[in-house]
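Please keep the 3D view open as you read.

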Amino acid sequence: MNYLQAIILGIVQGLTEFLPVSSSAHLLIVGKLIGAGDWGSQFTAIIQLGTELALLIYWRKAIGRIISRWFLALVGKNGSDVAHRFGKGDPDALMGWLVILGTLPIVLAGVLMQKYTDSLLRNLWITVAMLIVFGVILWLVDERFPREIDEEQMTWKDGLLIGLGQMLALVPGVSRSGSTLTVARLRGLTKSAAARFSFYLALPAVFGSGLLELVKTIKLSRTQTLVPGWGPTIVATVVAFVVGYLVFYFCWRLITEHSFKGFAFWRIGVAVVLALLLLTHVMPAVAAGATA
């Protein structure tokens, strides 16, 4: 991968991470089209650190408040009984616990599915199917289900179910934000509440995955080629951070103020283009060396 390709992939990551269109699918497709290849979930996880850092800085006050209120509740400042330690009467403390609960499913799934994420699940026909299916589901759920629940009204069940939805993001084409938004809307959350919890939930999951891959890469880079060179990887991450920070405001408005129909059509369009590329053998469905 050269530096121009790294910049392009960083831009793609920054533009798509916060939208329910699957940033990993777009990186995979664009990477192949510009000749950068498919460097697997490892490269994707590392450059996602850039966009998540942008989100962390953008929402630093709200996130700092949640963390501090969660800690104060945990040590008994709101009350020494179990209920208050687990967030009773304090929406910010409860949100902290909901994020922790919602993160557990993807951690477990990530461990169990690790050997499939760079092989079977990166078959591009799976990506085509997921782009279409979950795009349509997102649209239908957004149109047909009521939206009455704000963050303050969320329950432990909401946190767990939305977290289970986030597990599906391990499959390219599903979209982490798309799957969590879909489940949140099914649970009756308003668009604002659904988007906010979706982004909160992304922070520990994506940071954890990215930092884990970064540590593994550093340890193994002396003997194996695990990333497309540190230079291009760092450039892609920095570009993703800058672009992600600049576009987050507009992404937030797109998600919270408009129908998800446009995202569904975009996903279907991308899936059709990808299917044509596969059918005409412009791109292979499975990368060399991967298990079909």
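1. Start with a term. A crossing is left-handed if the near helix is turned anticlockwise from the far one by less than a right angle, and right-handed if clockwise. Keep in mind that this is a predicted model.

2. Take helix H8 (residues 124-144) and helix H10 (residues 176-186). They pack at an angle of about 30°, and their axes are 9 Å apart. Angles under 35 degrees count as roughly parallel, so H8 and H10 are roughly parallel to each other. H8 passes H10 in a left-handed crossing.

3. Which residues of H8 and H10 meet? From H8 come Ile137, Leu138, Val141 and Asp142; from H10 come Gly178, Leu181, Thr182, Arg185 and Leu186. Sorted by class, the residues of this contact are five nonpolar, two polar and two charged.

4. Now turn to helix H1 (residues 3-16) and helix H2 (residues 23-33). Their packing angle is about 155°, with axes 9 Å apart. Angles over 145 degrees count as roughly antiparallel, so that is the label for H1 and H2. Their crossing is right-handed.

5. In H1, the contact residues are Ile8, Leu9, Val12, Gln13 and Thr16; they meet Ser23, His26, Leu27, Val30 and Gly31 in H2. The contact of H1 with H2 has five nonpolar, five polar and no charged residues.

6. Next comes helix H11, residues 191-220.

7. H11 packs with helix H12 (residues 230-257) at an angle of about 175°, and the axes are 13 Å apart. H11 and H12 are therefore roughly antiparallel to each other. On the H11 side, the contact is made by Lys191, Ser192, Ala195, Arg196, Phe199, Leu214, Thr217 and Ile218. On the H12 side, Trp230, Phe248, Trp252, Ile255 and Thr256 take part. By class, the contact of H11 with H12 has eight nonpolar, three polar and two charged residues.

Terms used: Residues numbered from 1 in each chain as written. Predicted model: local features only at pLDDT ≥ 70, side-chain atom pairs only at ≥ 80, totals over all residues. Heavy atoms only, no water. Axes fitted to C-alpha atoms, helices over the stretch in contact; angles between N-to-C directions. Helix = DSSP H or I, 4+ residues; strand = E, 2+ residues; numbered from the N terminus. Parallel < 35°, antiparallel > 145°, perpendicular 65-115°, else oblique. Contact = heavy atoms within 4.5 Å. Nonpolar A, V, L, I, M, F, W, Y, C, P; charged D, E, K, R; others polar.
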